[in-house]
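Please examine the structure shown below before reading the notes that accompany it. The briefing is arranged by topic.

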Amino acid sequence: MTPPLIKPKPRNPVRALRRPTLPPPARSRAALRLTAAAAEGRFELQHCCDCGTVQYPPRSACVTCLSTHLEWRETDGVGELIADTVLHHSNELYYRERVPLRLGMVRLAAGPSLLAHVHGDCGSAPTPVRLRAHLDKSGQAVLMALPSQDTTNMADDPMLREMTSDPKFRKVLVTDGKSAVGQAIARAMIDAGAEIVWAGVAEPWKQAGGLDALAKLPQIEQVTLDVTDEKSVRDLAGVIGGKVDILINTAEFHRAHGVADRGTETAHAEMEMNYLGLLRLAQAFGPAMQARAAEGSVPATAWVNLLSIYALSALPSHGTFSASKAAAFALSQNLRAEMRHAGIRVVNVFPGPIDDEWNQLLPPPKLAPAALAGAIVKALREGVEDVYPGDVAQDIVRRFRESAKVLERELWDQ
Amino acid sequence: MRGAETLSELAGALAGGGVRVVDLSQTLSPRFPQIVLPPEFDQCAPFRMAEISRYDERGPAWYWNNLSFGEHTGTHFDAPIHWITGRDLPNNATDTLPAASFVAPACVIDCAAESARDADFLLTADHLRAWEGRHGKIPPRAWVLMRSDWSKRTDPVAYQNFDETGQHTPGPDARAVRFLVEERDVLGFGTETIGTDAGQAAHFRPPYPCHTVMHGAGRCGLQCLANLDLLPPTGSVVIAAPLKILRGSGSPVRALALVSE
């Protein structure tokens, strides 16, 4: 049985920092579809549309009938561990630091047999298991066999922790602790076991409901942070930059304006906060987080961006806001590409309308801040990197993938 | 040649004692709060500073910054065009106001004790007449500066002083403003707070009387002043020149006062 994760001692300051290393990142174009599904928490395999064969590893043609008519479909991970072994040596730096490693062959009920990491709580072969695809430190999908039933400390398995970002014992920065969303996320992080939650406060002279109550929680520390101010961001990074394990950027400026009904000042303010704010945070907090990505048992692990589903396809009634979120989305993809060198997961959250004052005129369903916070905790625990929380986001991402053009037209009058 | 002698004497007094220069300006910094409007209105951009280079790969031998801020940021000057009442006046903007408006004598009304007792303290015409009883009549084309010691509130929260009903900072009432404009022909009104009007002035009749009446009569404003406690009630000369912005409604200023020692 996996021993429970124990609270890490403070770092020994005379010991050299363990530098982050990565498992092999290369994947074929076909295999990247496994990664694409895992990024959203799904396990998909290639299904042959002609003969029905389910195959692995991914290929360009069906191994049974040579058809090229293959489709990626969500696949049941139920299977049997038919052989397992323990790896004690590897020339890959990443694995060398992590041996002994349990590996095994899983035969899925759906057909194929696959080589997978094996969770410590799985019995010896033969035994029933659940197979999941997870993103590893390289950001690429790998397979992991889990026990068929949840076990007590399942999340604390060392290899599973390599692929997830559980907030337990972690130090979290929530960049805007004044908004209802920021406060809900701060509370959710505490409930998930975070050791410290720094709650950023900008423009302290503007009162924010709930902040005083939040500040009474022992894990909360209010910090001055205005992401529109380079100096403020750098000043805070100078103090806590070397401690943040999870950064959740909730700072957001939102007004409901179209393109032609206002000057450029609101658009400017949205870009200052939603786009340039993220850039400032990335420059100030990114390097130290990357340096600490392999430190001890609870290293720096994840960077969460609060985007908007309208970053994918603009909502004209919130036109400049959508544009600023699209810019932030593009930036977050670049951030992800850079953070991957250390294995820091960049999690993008694409909510539909949040139930707040700037979405007053949008019809329900609207996402409650607590529901959004819950979705972020779940994503961190499951190691997911793209999150579409709530019905509206789910609906829009589905329609976006069906036809971006149809969706564009349908958003015109909303 | 009387003017030349005066200037020569002034230069001597500035160099050798007798006349001191007092800095009436707050430091322009991202930390200094900017005016807050209800969120449905567009906002004054706060002061922000981004490094261009600092003796590094972005520019090896030089240090400089790009700045961004609204016209009404930090210690700043309000031109008559700032308010709708002054929009059609001649020479009403930072580039067209006569330069003589930027150098003027100052009368300093000490309201520090009253403001300490009551954040919503209002300066009335009666207060002004009582002040004149002690210090003499306010001369035409002078600045009238309201000392509240508000500039000593270094905590931005205390400086802004918001609660759920808005801002609570001292300022003039409508009759005081009319008295200064109509009966004393002042150049303008200056404060240590974030506006020339009181924090609650949105509820006055007319709303924002200092902006409405002063600017409507072509008069100016100074706000976020500091060090007014170092000025005598009368006898100082204020130098406060806005940047020469094309049709500018105001500008941050380095406000100075010449004070006899």
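The model is predicted.

**Contact between the chains**
- Chain A contributes 13 residues to the contact, and chain B contributes 12 residues.
- On the side of chain B that touches chain A, strand 2 (48-56) and helix 4 (156-160) of chain B each provide at least two residues.
- That side of chain B consists, by class, of eight nonpolar, two polar and two charged residues.

**Strand pairing in chain B**
- Strand 15 (residues 256-260) of chain B pairs with strand 1 (residues 19-23) of chain B over five bridges, in the antiparallel sense.
- Within chain B, D23(B) is placed opposite L256(B) of strand 15.
- Strand 15 of chain B is also joined by three bridges to strand 13 (residues 236-239) of chain B, and these two run antiparallel.
- Opposite V237(B) stands L258(B), which belongs to strand 15 of chain B.

**Helix 4 of chain A**
- Helix 4 (residues 180-191) of chain A has 12 residues and, at 1.5 Å a residue, should span 16 Å; its end C-alpha atoms are 16 Å apart, so the two values agree.
- Because 10 of its 12 residues are buried, helix 4 of chain A is largely enclosed by the rest of the structure.
- The buried residues of helix 4 of chain A include A180(A), Q183(A), R187(A) and M189(A).
- After helix 4 of chain A comes G193(A), which has a positive phi, near 100°.

Note on methods:
Residues numbered from 1 in each chain as written. Chains lettered and ligands numbered in written order. Predicted model: local features only at pLDDT ≥ 70, side-chain atom pairs only at ≥ 80, totals over all residues. Contact = placed C-beta atoms within 7 Å. Helix = DSSP H or I, 4+ residues; strand = E, 2+ residues; numbered from the N terminus. Nonpolar A, V, L, I, M, F, W, Y, C, P; charged D, E, K, R; others polar. Pairing = 2+ DSSP bridges. Expected span 1.5 Å × (residues − 1). Buried ≥ 20, exposed ≤ 12 C-beta atoms within 10 Å, placed from the backbone.
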